[in-house]
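Here are my notes on the model, as numbered points. Please read them with the viewer open.

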Amino acid sequence: TIGPFSMRWYGLMYVFGFASSYLLVMYQLKKKVLKFDRAVIDDLFFYLILGLIIGARLGYVIFYNPGFYFQNPLEIFIVWRGGMSFHGGLAGTFIAGYMVIKKRNLSFFATADLIIPTCPIGIGFGRLGNFINGELFGRTTDVPWAMVFPEGGNFPRHPSQLYEMFFEGIILFFILWIYKDRKKRDGDVFALFLIFYGLFRIFCELFREPD
């Protein structure tokens, strides 16, 4: 909080994630001869951000607590209470991105391969925000690095947010960033993201306390 201005950690992580993704895409455009205009990328990012926020919020509302939000519809717009879902955000960005890509007559897979290697950075920042907020913590454990979270009772737990930040954020970023210059066809990087994110998420869920 600075004076009357307040920002939530999770919102700040969204800003860091979007900014990092945008700068890395701009870096790729400068380093390689790609058939993308900067104005098109700016337009695309605007709608991707919009689709992510709307999709992530609606995904949380629909999948996690539809009864509550049906009775309290105005709570849907209070995004700092409740949460955002990854699968809703993925659906929202897919729909928004597809609409812009079709409108601009771009190649879907070539465009996806340009954007997707930067996405793990945003995912990693999001998990860091979860950790700072003490939410989405892990199962009880006796490992030496276990932590006690304010909302998790007086029990040592896996810091599963940090596991997800490491695997879904850092490791996945390096896999995609290295592979993007070695792909054989458009769409390979996008497919690799879906495969490895799924595998890493399944692994990390073994340590996470179910919502």
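1. Confidence first: the protein chain of this predicted model has an average pLDDT of 91, and 99% of the residues score at least 70. Here pLDDT is the predictor's confidence in each residue, from 0 to 100. Among the elements of the chain, H7 has the highest mean pLDDT (97) and H3 the lowest (89). Helices are DSSP runs (H or I, at least four residues), numbered from the N terminus.

2. Some conventions. Residue numbers start from 1 along each chain as its sequence is written, and side-chain values use heavy atoms, with hydrogens and water left out. As the model is predicted, local features need pLDDT of at least 70 and side-chain atom pairs count only at pLDDT 80 or more, while totals for chains, interfaces and linings use all residues.

3. Let us begin with H7 and H8. Helix H7 (residues 160–179) packs on helix H8 (residues 188–205) at an angle of about 160°, with axes 10 Å apart; axes are lines fitted to C-alpha atoms, for helices over the stretch in contact, and angles run from 0 to 180 degrees between N-to-C directions. H7 and H8 are therefore roughly antiparallel, a label for angles over 145 degrees. On the H7 side the contact (heavy atoms within 4.5 Å) includes Tyr163, Phe167, Ile171 and Tyr179, and on the H8 side Leu192, Phe196, Phe200 and Arg201 are among the residues. By class there are 15 nonpolar, no polar and 4 charged residues. In this scheme Ala, Val, Leu, Ile, Met, Phe, Trp, Tyr, Cys and Pro are nonpolar, Asp, Glu, Lys and Arg are charged, and the others, Gly among them, are polar.

4. H7 also packs against H6. Their angle is about 170° and their axes are 8 Å apart, so H6 and H7 are roughly antiparallel too. Residues of H6 including Pro120, Ile123, Leu128 and Phe131 meet residues of H7 including Leu162, Met165, Gly169 and Phe173. The class count for H6 with H7 is 10 nonpolar, 4 polar and 3 charged residues.

5. What do H2 and H4 bring to their contact, by class? The axes of helix H2 (residues 38–64) and H4 come within 6 Å and cross at roughly 145°. Among the residues that meet are Gly51, Gly55 and Gly59 in H2, and Gly88, Gly89, Gly92 and Gly97 in H4. The contact of H2 with H4 has 9 nonpolar, 9 polar and 1 charged residues.

6. Two backbone angles deserve a look. Most residues other than glycine have a negative phi. Asn105, in the loop between H4 and helix H5 (108–115), has a positive phi near 55°. Leu136, in the loop between helix H6 (119–133) and H7, has a positive phi of about 55°. Asn105 counts as exposed at 70% relative accessibility, while Leu136 is partly exposed at 25%; buried means under 20% relative accessible area, exposed over 50%, and partly exposed in between (1.4 Å probe, protein chains only).

7. Is Glu75 buried or exposed? Glu75 sits in the loop between helix H3 (66–71) and helix H4 (86–103), and with a relative accessible area of 18% Glu75 is buried. Leaving aside residues up to four places away in sequence, Glu75 touches Arg57, Phe68, Tyr69 and Arg81.

Methods
Helix = DSSP H or I, 4+ residues; strand = E, 2+ residues; numbered from the N terminus. Parallel < 35°, antiparallel > 145°, perpendicular 65-115°, else oblique.
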